[in-house]
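Thank you for coming, everyone. Please take a moment with the sequence and the structure before I go through a few of the features.

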Amino acid sequence: MPFKIIRNDITKVKADAIVNTANPEPKFGGGTDAAIYKAAGANALLAERKKIGRIAPGETAVTGAFALPAKYIIHTVGPAWVDGHHGEYDILRSCYRKSLLLADQLGCESIAFPLIATGVYGFPKDQALEIASSMIREYLEESDTAITWELL
């Protein structure tokens with residue numbers, strides 16, 4: 001169960017799947033999402049993302065990775081932080097769980113994650129780190145998938 005935490009540009013990480021902290025609507029803005037679009041080829045990725053349509057918070061969808069050093073981009077929509085009493089924790093857990101399950105379904109042997117929802121969406125980093133760690137640990141108890149986790 002290989003697992004490593006790095007500080008790096010997620011668009012340069014070699015993995016079967018790279019997780020994108022996506023916007024719910026098929027568009028891109030700032031942060032990790034913008035970096036992934038730019039590195040993958042913004043126009044091609046946006047055209048593919050438009051075919052998917054809206055993604056609800058806590059859900060996932062997949063596209064090809066285009067120019068990224070990966071096979072797939074798993075798009076997941078994190079929770080916008082309010083106060084921790086509006087389902088934010090459950091939504092973030094769902095982002096990790098569903099991203100890992102989708103990677104399994106795709107036959108991925110490696111996956112790279114950013115720290116989901118801690119940028120523009122304002123999820124407290126310490127709490128997001130705790131949730132991500134527990135979800136990844138739980139997953140690795142039954143899987144040999146290599147997980148790389150990028151801390152921003």
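Let me begin with a term: a residue is called buried when its relative accessible area is under 20%, exposed when it is over 50%, and partly exposed in between, using a 1.4 Å probe and protein chains only. What you see is a predicted model, in which local features need pLDDT of at least 70 and side-chain atom pairs count only at pLDDT 80 or more, while totals for chains, interfaces and linings use all residues. Residues are numbered from 1 along each chain as its sequence is written, and side-chain values use heavy atoms, with hydrogens and water left out.

I will start with the salt bridges, where a side-chain nitrogen of Lys or Arg lies within 4 Å of a carboxyl oxygen of Asp or Glu; the structure holds 6 of them. In one, Arg 54 pairs with Glu 25, with the closest N and O atoms 3.0 Å apart. Arg 54 sits in the loop between α2 and β3 and Glu 25 in the loop between β2 and α1, so this pair ties together parts that are 29 residues apart in sequence. Glu 25 is partly exposed, at a relative accessible area of 35%.

Another salt bridge joins Asp 16 and Lys 71, whose closest N and O atoms are 3.9 Å apart. Asp 16 belongs to the loop between β1 and β2 and Lys 71 to the loop between β3 and β4, so the two tie together parts that are 55 residues apart in sequence. Here Asp 16 is buried, with a relative accessible area of 16%, whereas Lys 71, at 51%, counts as exposed.

By contrast, Glu 48 and Lys 51 both lie within helix α2, 3 residues apart, about one turn of the helix, and their salt bridge brings the closest N and O atoms to 3.4 Å. Glu 48 is partly exposed at 28% relative accessibility, and Lys 51 is exposed at 66%.

Let me turn to helix α1, which spans residues 31-40 and has among its buried residues Thr 32, Ile 36 and Tyr 37. Which elements do the buried residues of α1 pack against? They pack against β2, α2 and β4, where contact means heavy atoms within 4.5 Å. Just after α1, finally, Gly 41 takes a positive phi of about 115°.

Notes
Helices (H or I, at least four residues) and strands (E, at least two) are DSSP runs, numbered from the N terminus.
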